[in-house]
There are 2 protein chains.
Amino acid sequence: MKQAADSALLTDLYQLTMLQAYHDEDLQQTAVFELFVRTLPAQRQFLLLAGIEPALAFLEQLRFDQDELDWLHATGRFRTDFLDSLAELRFTGEVHAMREGTVFFANEPVLRVEAPIAQAQLVESRLLNLVHYATLVASKAARCKLAAPDNLLVDFGLRRAHGAEAGLVAARSSYLAGFAGSATVLAGQQYGIPVFGTMAHSYVEVHELEVQAFRAYAGSQTGLRGPLTLLIDTYDTEAAARKIVALAPALERRGARIGSVRLDSGDLAMHARLVRTIFDQGGLQEVSLFASGDLDEWRLRQLLRAGAPIDGFGVGTALSTSADVPALDAVYKLQSYAGKPRRKRSEGKATWPGAKQVWRWSGPDDRIERDRVALADEPAPPGAQALLQPVMRAGRRIAPPEPLDALRAHAAAQLAALPEPLRGIDAAMPEQAYPVAISEALQQLAASLDRLPH
Amino acid sequence: MKQAADSALLTDLYQLTMLQAYHDEDLQQTAVFELFVRTLPAQRQFLLLAGIEPALAFLEQLRFDQDELDWLHATGRFRTDFLDSLAELRFTGEVHAMREGTVFFANEPVLRVEAPIAQAQLVESRLLNLVHYATLVASKAARCKLAAPDNLLVDFGLRRAHGAEAGLVAARSSYLAGFAGSATVLAGQQYGIPVFGTMAHSYVEVHELEVQAFRAYAGSQTGLRGPLTLLIDTYDTEAAARKIVALAPALERRGARIGSVRLDSGDLAMHARLVRTIFDQGGLQEVSLFASGDLDEWRLRQLLRAGAPIDGFGVGTALSTSADVPALDAVYKLQSYAGKPRRKRSEGKATWPGAKQVWRWSGPDDRIERDRVALADEPAPPGAQALLQPVMRAGRRIAPPEPLDALRAHAAAQLAALPEPLRGIDAAMPEQAYPVAISEALQQLAASLDRLPH
């Protein structure tokens, strides 16, 4: 049995009924679809692209198994000749995409699919599902990174992520955006992401006395790889810190060195200051402080501005659900069919027609300055970089997947290249918004399509 | 290869390092953990439980495969004798749970796990991940159902759900809460949920003229099961409606009957009224109107209060991301170990100790009136119903999974039994909040634990 995530049935019903109509009409010509975000929410001045590599993997493995075809047949909604054609369906198209880790803005296509209409249509639901969420989390993580650029940031979001795949994708996207790693073990196995762990309150509570828990945990970790972190807020944070000062020499003699402690409740800035003082006066200057508990980019900034001596943060629910912006206005739209540009003209939802390219200009300091969305066949404007690059031809990836660390380095360079007004986590003034122009030719094409009958 | 969702590594690293410590300390006695929501967000007056059945399936299949153990070994964080014990680990405990579809409130355990500490500890991350999101969506869907009790409601949320599993769970949870079905095909195959579909703008745009698209799609659907729905807002909604009036007789002669049309943009109430008039005057009184596009419970209420003649709604992103409340304060806490009750006492995060039961009283009209959280070994209070029931013994389900439709009927009865103030989708006054008492014995136990040394 295929994984649910890989099932060709992980799509909207209308894709299949439309495919049946295309089949009946013998419509097989090439369609161009583009995936983009229509508008940015007020709390997002830029987005950080993720999910492209998983999207390409999805396209490469797309096929209908016999049990899926049998189930479709049993619904009574599909004819046998159409289902026979579905059995043969593979993705054979071309894909252009921005590189994962690239900063992008509203109305800029990040993925362009060119394929026979049935293929290009069918993949809409899952492509969006993959790229939308991965980008959502990468963009949230980038904001955390901008708020706390010098701190260790760890994804703690699995338990309240929206399902298994979300937990994994949150780990990948946040690492891509500059997090140090994740608490999710499977992300370590599947993506090679560094995994981090501390201890839970339940562990402390299983023991009669808190100090017994500290001693036993440290003993268990002795001689193994991985820093030793103790959780100190189960009862009384400062009392626990003093217990650790008292315990440290004995642990040290047995080869256990405490790497850090975690604070998870109360006034984190206050507790961090008190614990730091207790540790510094007790000879534990090297023990670092790690905080968690309802953190997001604003709390990180607030804690750091308050001078809280916190070295690292675990960011959980706010990251894995992108809590302040749990969805983007991401869409996948037909831009041309059989060589003719197409434009959706619904009220408030009109799109820019035709296959497009996104051009970007940077300043002498490498900061990005402005973008232009143009038709793909317009000549390259001088001094600009083309953000959409071919990544798949005839349904196969052009190059093997890039290592995640290379994409992470790209994301770091992209964040470093953000203009100053976009580096803040508060909404920028409208006049500071990043300029994205629509080329003259594209505007003319849109206007000419609006004059066509329908 | 196991599905990612079934991997024993889909957990937080600290669960495994704690398990190693329990192993080293030879701590094997029974722990009681309970899953509950600490506080309700202002926009949620009640929650609707979902995700229990998937949680039990997870517990039954839990095991570490050799490749997972090999990977853990390679991290250098674990000793061989511990990994050998992990290879043998199965869930052998007892589980009590509320029935899926039950209405519940803050501080009420919905799931209680009693098992050797290692087992009960390990499953925390995935149990929360499963029950939290399923409940989040069921609760959001229940609000949509309360706002539009007489309309056809369909889950359109796959594309912006947070990953593959979220898309599937959103379909299951919303159906459980009273939706008619989902657009997600895989939810039909996996859960037997009715699937619904219309057509997309891209299909219309592939054709030179809108009317060609209508004719071709209707032709393709002729003779097949499933209602025929046409999308009419690609260019000009009322013009499209008039085209359909003109087209209908010819379609009818060829055996195609238009079931409904979908509106997806602009002022939905205004367009619905205009289209309804065009259809009624054009002899299409039987054609129903279906609306979609950024809908949630408030929009549904607004449209219905405005008298919009809309028969059905597709609810997408707001449902599958629970956009206004994308996470709940759901936790899984140790309540006793080796027969001794335990209490987390962290600032602002204290829990009620011991294995508990939730009792509920209903009025003569079957409306629910008040709950009491009590210790599980307190005698049954007269006239109350025990919400937590045994569902798993020695690691196996006591009964086969209930059919989803039975759970859906239960959810409908639960929503019907809500007191009037809780039926509104706006936040109720604090004095109208549903009363949940903490039993005298439970309060005394908590106070006595607070006096213990730590």
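Buried area is the accessible area, taken with a 1.4 Å probe, that two parts lose on being put together, summed over both. By that count, chain A and chain B of this predicted model bury about 9700 Å² between them. The briefing starts with that contact. It then takes up the annotated domain, the sheets and some single residues.

**Contact between the chains**

- Carbon and sulfur atoms account for 54% of the area buried between chain A and chain B.
- Chain A brings 120 residues to the contact, and chain B brings 121 residues.
- Three residues lead on the chain A side: A:R159, A:H162 and A:H454. Together they supply 9% of the area that chain A buries against chain B, more than any other three residues.

**Annotated domain in chain A**

- An unreviewed UniProt entry annotates residues 9-131 of chain A as "domain: Nicotinate phosphoribosyltransferase N-terminal".
- This span is 45% helix and 18% strand. Its end C-alpha atoms lie 18 Å apart.

**Helix α2 of chain A**

- Helix α2 of chain A covers residues 52-61. Seven of its 10 residues are buried, so the helix is largely enclosed by the rest of the structure.
- The buried residues are A:I52, A:E53, A:A55, A:L56, A:F58, A:L59 and A:E60.
- In chain A, these buried residues pack against strands β3 (94-97), β5 (111-116), β17 (389-393) and β18 (396-397). They also pack against helices α6 (124-147) and α7 (164-176) of chain A.

**Strand β14 of chain A and its partners**

- Strand β14 of chain A covers residues 356-362 and is mostly covered, with six of its seven residues buried.
- β14(A) runs antiparallel to strand β15 (residues 368-375) of chain A, and seven bridges join the two. A:S362 stands opposite A:I368 in that pairing.
- The hairpin of β14(A) and β15(A) has five residues between the strands. A:D366 takes a positive phi near 75 degrees there.
- β14(A) also runs antiparallel to strand β16 (residues 385-386) of chain A, joined by two bridges. A:R360 has A:Q385 as its bridge partner in β16(A).

**Seven-stranded sheet of chain B**

- Chain B has an open sheet of seven strands with antiparallel pairing, in the order β13-β12-β1-β5-β3-β17-β18.
- β13 (340-341) and β18 (396-397) of chain B stand at the edges. Each has a single partner strand, so one side of each is left without a neighbour in the sheet.
- Helix α6 (residues 124-147) of chain B packs on this sheet, touching β1 (30-37), β5 (111-116) and β12 (330-337) of chain B. The direction of α6 makes about 135 degrees with that of β12(B).
- β3 (residues 94-97) and β17 (residues 389-393) of chain B pair in the antiparallel sense over three bridges. B:A97 stands opposite B:Q389 in this pair.

**Four-stranded sheet of chain B**

- Another open sheet of chain B has four strands in the order β16-β14-β15-β19, with mixed pairing.
- β16 (385-386) and β19 of chain B are the edge strands, and each pairs on one side only.
- Helix α16 (residues 440-450) of chain B packs on this sheet and touches β14, β15 (368-375) and β19 of chain B. The direction of α16 makes about 40 degrees with that of β15(B).
- β14 (residues 356-362) of chain B runs antiparallel to β16(B), with two bridges between them. B:W359 has B:A386 as its bridge partner.

**Single residues**

- A:R276 lies in helix α12 (residues 268-281) of chain A. Its relative accessible area is 13%, so A:R276 is buried.
- The side chain of A:R276 reaches the backbone oxygen of A:Q285 at 3.4 Å. Residues up to four places away in sequence aside, A:R276 touches A:L284, A:Q285, A:V287, A:S288, A:L289, A:P309 and A:D311.
- B:Q414 lies in helix α15 of chain B. B:Q414 counts as buried because its relative accessibility is 13%, under the 20% cut-off.
- Beyond its neighbours within four places in sequence, B:Q414 is in contact with B:G101, B:T102, B:V103 and B:R360.
- B:G424 sits in the loop between α15 (404-416) and β19 (436-438) of chain B. With a relative accessible area of 34%, B:G424 is partly exposed.
- B:G424 and B:R44 are 380 residues apart in sequence, but their C-alpha atoms are 10.0 Å apart in space.

Technical notes:
Residues numbered from 1 in each chain as written. Chains lettered and ligands numbered in written order. Predicted model: local features only at pLDDT ≥ 70, side-chain atom pairs only at ≥ 80, totals over all residues. Heavy atoms only, no water. Buried < 20%, exposed > 50% of the residue type's maximum accessible area, 1.4 Å probe, protein only. Polar contact = N/O pair within 3.5 Å; in protein donor to acceptor, adjacent residues only side chain to side chain. Contact = heavy atoms within 4.5 Å. Pairing = 2+ DSSP bridges. Axes fitted to C-alpha atoms, helices over the stretch in contact; angles between N-to-C directions. UniProt positions renumbered as here; feature names shortened; annotations may be inferred.
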